[in-house]
Amino acid sequence: MKTPDPATISSIQSPATDTSGMSLAFLVLRGWLGIRALVTGIEKFSAKIMVQQPLLNADGTPDASGAIVEIESKVYGFTHYHALPASLQQKFADEPLLLSWLTGPFYTILGYVLVALGLALLLGLFTRATLVGMGILYMVLTVGLILIGQDGGVAYLGIHIGLVAMALALVQHNRFTITRS
Amino acid sequence: MISPESPAESPDVSPAEVLAAPTPPALCTRRQFLQTTAVAGAALMLAKPGRALANAMSSTELRIALIGIGAQGRVLMDAVLKIPGIRFVAVCDIWSYNLQYGEKYLKKNGHPVKAYTDIEEMLGKEKDLHAALVATPDFWHAPHTIACLRAGLHVYCEKMMSHTIEGARSMVKAMRETGKLLQIGHQRRSNPRYIVALERLIKEAKLLGQITAANGQWNRAVSKDLGWPPKYALPADVLSKYGYESMNHFRNWRWFKKYGGGPLSDLGAHQIDIFTWFFGAPPKSILAGGGMDYYKGHEWFDNVMVIYEYATPEGTARAFYQVQTTTSAGGGYFEQFMGTEGTIKMSENPNYTSIFREANAPEWEQWVAKRYLALTKATAAAPEADSTATKVDARETAELVSYGLPVVLNKAIHQPHLENFFNSIHGKAKLNCSGDEAFVSEYAIHRTGDAIDAKQMIHITPDDYKV
């Protein structure tokens, strides 16, 4: 049996030379955080509306009674933009520390910021700065949840913050980017 | 002068024949009728109305009169104004207060009309009417309807057909004699929500299994008698001429036996009609209780509880109905059909409508996919069939899973029934509640009063439903 070359064994076992795994780990993390932000942002432009259409027979013709059925349908558009569910927004409005001259503009840009951050991460645009911005956004959201006593939500955002921190720690392994930073 | 008693003669027809019989076909206007009669003979035309005539009507604007401009007349007026191709040309009411309102309202909505206080004068002068809507007090329905039918008009008459069985019967006879259309205002019969519930959910999908029971109710809070502006009080001779004892009787006729049928008739008739329609048969027996227990100075029962028994193709089914005029509690107004596999709770108000699946029934996903049913928040929140979380007694059945009815009526609730009437005149539809069909349904409502008076179950034979 042929004995392996010691140099070959060393190159396989040495973590110092295995950068592809770290790159893949970061790529997965970057992708997840990007999708999380992008889709969450897009959803802020969605709404469920009731759409009316004729009740159809098996052959596709309208029912003889002329019956119209109302079906819930999900649609997207700028006119449907909402930063937060109305009930949550009302709770924030009742908090004296959340000043309306601050929350108002924040609500206005939240969906757009999430979309921009998500796209930037996925495309590899200014990755490090994007991750920092994302961390700041999640921290800001955490403030509101602490004030209204949503401890579950705070923990949930804490996981996001942890992932962002991990990504910043691994950002040196960033690959497949448009910008280098 | 037209009087509240106008009997007519016609061959007997059984209720089964009535339910199966085709509606008299659409004919033509009085003027067309007279012109055609001169050429072809009225008898031939009444017996076999030509397709050409019906087709000729299909492009004609229908000219109609409204007789009675009280609360219900105004509801009909508003619904008709939303239907293209219909033109009001005359209104009739003995009360100037109503008459002025109707005349001004219609003019404002682009329908200048001639106003009459006397129906005979109106029918004598308005020679080119196609149809009339009758929304006068119940005891005038028969004479007004018969006068219009005999004048060659198709008639849409509000329910109840009459305050007496004989009055209703005379309307059916006149309808058959004249060959004109007579639609009775049980408007749920044209409501697509009800049609889909019956035709799709019950008959096609058989979601309820065997329907063994039904219940319905219309509970309404205490209300005061209607008043009137003193300057508009009708003179005693006018009241007497039209059969009223007093202005109070004129305004509150629904509570007095010689004018109307009381709450069971005013409210219950719509829902008891749904029992007959959905079961496909009128009641074979009635057990009822009721009384004048709250209001003073009225004649009709202010509360009634009834059990109707039906011989359906699947077996006997019983329906409980109650009308209360002293409380609005109990969940509004609805008609609920309960079967071995499911229940449909119907109401004109969609908020009171639900469909429930028994835990042991087959899954209903396919009917959701076909849009016969809608998933609701209540559907999602339903516990598992074997869940004991909400039970306090081991013998309890699991909570039923609730679905919605996705069909919507995006029109005034009377509009589809009126459209069906007008389309039938054009020969494009069959009446959804012709006079003879309504008679079968309303007969049992009249007999409910007899059951209350007799304080025992009364039985109705198929012959009783014949006209």
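The model is predicted: local features need pLDDT of at least 70, side-chain atom pairs count only at pLDDT 80 or more, and totals for chains, interfaces and linings use all residues. Residues are numbered from 1 along each chain as its sequence is written, while chains are lettered from A and ligands numbered from 1 in the order in which they are written. Helices (H or I, at least four residues) and strands (E, at least two) are DSSP runs, numbered from the N terminus.

**Contact between the chains**
- Chain A gives 9 residues to the contact and chain B gives 8 residues; two residues are in contact if their C-beta atoms, placed from the backbone, lie within 7 Å.
- Strand E2 (residues 68-76) of chain A supplies the largest share of the side of chain A that touches chain B, 4 residues.

**A sheet across the chains**
- E2(A) and strand E15 (residues 407-408) of chain B run antiparallel, joined by 2 bridges; strands pair if DSSP finds at least two bridges between them.
- A:Val69 stands opposite B:Val407, and A:Ile68 has B:Val408 as its bridge partner.
- The open sheet has 3 strands in the order E1(A)-E2(A)-E15(B), with antiparallel pairing.
- E1 (46-54) of chain A and E15 of chain B stand at the edges, each with a single partner strand, so one side of each is left without a neighbour in the sheet.

**Strand E1 of chain B**
- E1(B) pairs in the parallel sense with strand E2 (residues 86-92) of chain B over 6 bridges, and with strand E4 (residues 131-134) of chain B over 4 bridges.
- B:Ile67 has B:Cys92 as bridge partner in E2(B) and B:Val134 in E4(B).
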